[in-house]
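Please read the following note alongside the sequence and the structure. The points are numbered so that each may be checked in turn.

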Amino acid sequence: MSGWRRVRCQARAWRAARLEWKADLDRWKAENERFKAASRDARKRGGTPAVSDPGPPPTGFALLPWLLMGMGAFANLLQGRTPDPLVGGLGLFAFNSLYIYVTFRSFDRTRREEPRTRVALLLMGLLTTGLAVGYGGNWLMFFPLLGLATGAALRGPWLGRSGILLAVYAAALSGVRGGWSDATNIGYATFLSTMVTAAILGLSEAVRELRAAREELARRAVEEERARFSRDLHDLLGHTLSVIVVKSEAARRLAPRDMDAALGQITDIESVGRQALTEIREAVTGYREGSLATELDRARSALTAAGVEPVFRRSGTALAPQTEALLGWVVREAVTNVVRHSDAGRCEITVTGTAERVRLTVTDDGSGAPVSRSAPGIGGTGLTGLTERLAAAGGSLTAGPAPRGGFTVTAELPLVAQESAAARSAAPDPS
């Protein structure tokens with residue numbers, strides 16, 4: 001009765017494996033339809049279709065047809081040419097069961113590396129040895145089947161050694177039991193089945209892993225681009241809306257006593273709004289280039305409207321457009337925080353350059369309280385994004401309360417080769 005229960009358990013395991021294989025096949029069919037539809041759309045648009053279709057996921061069913069190699073031994077059993085047919089039949093059933101067990105587990109990396117898979121493979125080797133020594137003839141064909149299972153289950157540096165040792169072992173047993181004329185064929189077939197199976201399945205796994213890695217890289221690229229665009233939009237709109245709010249408040253205060261000054265603030269609001277529209281369009285198309293001089297002019301206007309005295313100092317060599325763009329973002333974000341959070345009466349912006357680096361410092365005499373953090377890192381979302389930008393360019397950004405009160409933002413960037421060359425060419429000739 002216990003034996004019958006084991007048979008039923010094995011049958012249920014086979015049915016579960018078959019259902020899993022059908023589910024994988026259905027998923028592949030759905031992916032294949034999407035692949036074909038994408039290729040048709042690409043051809044209609046005149047583009048390049050997808051490179052290749054990975055095909056259905058491999059499972060243990062791909063190796064089941066090779067069990068037909070044991071039909072010769074089965075025919076011997078049916079024709080009564082095998083001594084002790086009961087032992088031979090049980091051996092044939094046990095070998096087929098172990099073969100199916102090992103091959104189906106070999107297509108799952110986790111189950112393939114479990115000890116029970118290796119134990120089952122070892123039992124296959126012992127059973128194959130016993131059947132080959134006991135019967136010979138067609139039963140020697142179980143060695144190539146053992147090679148198939150070995151190639152499916154083993155990976156890494158032990159594969160080549162195992163294939164060679166198994167082939168030599170199969171040839172030696174075949175020579176002793178069946179004659180040396182068959183030894184070469186059995187040994188060669190065993191080695192070939194081991195290495196070819198491992199190569200094909202290893203290549204299939206590598207292709208699928210590369211495809212998964214490519215999809216993961218594409219997903220991360222989309223996420224990084226989305227994060228970059230959100231930072232750009234935050235930096236653009238945060239500063240612009242702060243300027244508009246400050247100038248609107250100034251216009252409201254000035255309107256009762258000085259209408260001309262209020263109209264001047266309203267004109268500035270219109271100008272800032274139009275410039276913001278232009279910048280957003282440029283940012284959406286990915287062609288926006290910042291200018292440090294422009295940002296300094298805007299900072300002066302915003303600080304003056306907020307009642308903060310602006311003080312600018314600049315020295316050093318000319319900067320490349322990329323460096324000016326990054327420093328412009330820092331000025332924009334730092335001035336926005338001064339206007340919003342500092343309650344300062346004075347803001348000092350200093351740009352100094354050396355032969356190798358340029359430093360921008362924005363200092364106010366306000367309360368010195370840091371911006372509320374919305375993410376780990378320096379300051380709020382804007383300063384966190386600027387920290388990432390400057391780090392990607394080889395620079396750094398620090399922000400915190402100043403020793404004498406207020407708040408200080410310091411950005412440092414390396415000078416690129418073009419800037420150094422431009423500085424050398426602009427230097428006066430000592431002769």
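1. Which side chain meets that of Asp-268 in a salt bridge? The partner is Lys-247, with an N to O distance of 3.2 Å. Asp-268 belongs to helix 9 (residues 259-285) and Lys-247 to helix 8, so this pair ties together parts of the chain that lie 21 residues apart in sequence. It should be kept in mind that the model is predicted.

2. Are the two members of this pair buried or exposed? Lys-247 has a relative accessibility of 3% and therefore counts as buried, the cut-off being under 20%. Asp-268, at 30% relative accessibility, counts as partly exposed.

3. The structure holds 19 salt bridges. In another of these, Arg-109 pairs with Glu-205, and the closest N and O atoms are 4.0 Å apart. This pair links distant parts of the chain, as Arg-109 is in helix 4 (residues 109-112) and Glu-205 is in helix 8, 96 residues apart. Arg-109 is partly exposed, with a relative accessible area of 43%.

4. A further salt bridge joins the side chains of Glu-412 and Arg-359, at 2.4 Å from N to O. Glu-412 is in strand 5 and Arg-359 in strand 3, so the contact ties together parts that are 53 residues apart in sequence. Arg-359 counts as partly exposed, at 40% relative accessibility. Elsewhere, salt bridges with shared partners join Arg-109, Arg-112, Arg-155, Glu-205 and Glu-209 into one network.

5. The strands deserve a separate point. Strand 3 (residues 357-364) pairs with strand 2 (residues 346-353) in the antiparallel sense, over seven bridges. Three residues lie between these two strands, which form a hairpin. Within this pairing, Glu-348 has Thr-363 of strand 3 as its bridge partner.

6. With which other strand does strand 3 pair, and in what sense? Strand 3 also pairs with strand 5 (residues 407-414), again in the antiparallel sense, over eight bridges. Val-358 has Leu-413 of strand 5 as its bridge partner.

7. The last point returns to helix 8 (residues 180-254), which contains Ala-198. Ala-198 has a relative accessible area of 7% and is therefore buried. Leaving aside residues up to four places away in sequence, Ala-198 touches Gly-151 and Leu-159. How far apart in space are Ala-198 and Leu-148? Their C-alpha atoms are 8.1 Å apart, although the two residues are separated by 50 residues in sequence.

Terms used: Residues numbered from 1 in each chain as written. Predicted model: local features only at pLDDT ≥ 70, side-chain atom pairs only at ≥ 80, totals over all residues. Heavy atoms only, no water. Helix = DSSP H or I, 4+ residues; strand = E, 2+ residues; numbered from the N terminus. Buried < 20%, exposed > 50% of the residue type's maximum accessible area, 1.4 Å probe, protein only. Contact = heavy atoms within 4.5 Å. Pairing = 2+ DSSP bridges.
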